[in-house]
Amino acid sequence: KQWYQRRVAITAGHIGPPVPEVNSVWLKMWMYHVTGCGPVSFLLAKGTRLLHLPPELYPYERLMITTWGHESTIVNTSNVLMALNEALSHSAVLLQAYSKRNEAEIVYVTFPFDQPEADQNELKNVDKGAYK
């Protein structure tokens, strides 16, 4: 004899923006913890002042600053201390590594691709991750 009931609910899927928790700092930190991987990250308390970057961030060219309840901002390391200390004056901040120095080559490609066959082959031989 069956001891449970199987119920099927027919509902429309969620259409619209995700819940705010999806963009929260806490979700990012939880996912990094559970998966055991993620970018180098520092959670800094409001009112903290940095005189220099932590050594773990030296190899990176750009860093991502996420203030509490706001969108992330990508900042070059040359300007990060000023932007970071300003953000820390009014909010806690999640500071994350974003891109390493000399990691990718930027390549500019014109559209449309109505070029001779030789140029098309050249585009296929571009290194992985490089953009022209």
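In the predicted model, the accessible surface of the protein comes to about 10600 Å², and carbon and sulfur atoms contribute 57% of this area. Of the 132 residues that make up the protein, 23% count as buried. Among the contacts whose separation is 6 or more, 64% are accounted for by residues 24 or more positions apart in the protein.

The four strands form an open sheet in which the order is 1-4-2-3 and the pairing is antiparallel. Strand 1 (41-44) and strand 3 (72-76) stand at the edges of this sheet, and each has a single partner strand, so that one side of each is left without a neighbour. From one strand to the next, the twist of the sheet averages 25 degrees.

Within the sheet, strand 2, comprising residues 60-67, runs antiparallel to strand 4, comprising residues 93-100, and the two are joined by seven bridges. In this pairing, I65 stands opposite L95, the latter lying in strand 4. Helix 1, which spans residues 25-35, packs on the sheet and touches strand 1, strand 2, strand 3 and strand 4, while the direction of helix 1 makes about 60 degrees with that of strand 4.

Note on methods:
Residues numbered from 1 in each chain as written. Predicted model: local features only at pLDDT ≥ 70, side-chain atom pairs only at ≥ 80, totals over all residues. Heavy atoms only, no water. Buried < 20%, exposed > 50% of the residue type's maximum accessible area, 1.4 Å probe, protein only. Contact = heavy atoms within 4.5 Å. Areas by Shrake-Rupley, 256 points an atom, 1.4 Å probe, with all protein chains shown as cover. Pairing = 2+ DSSP bridges. Axes fitted to C-alpha atoms, helices over the stretch in contact; angles between N-to-C directions.
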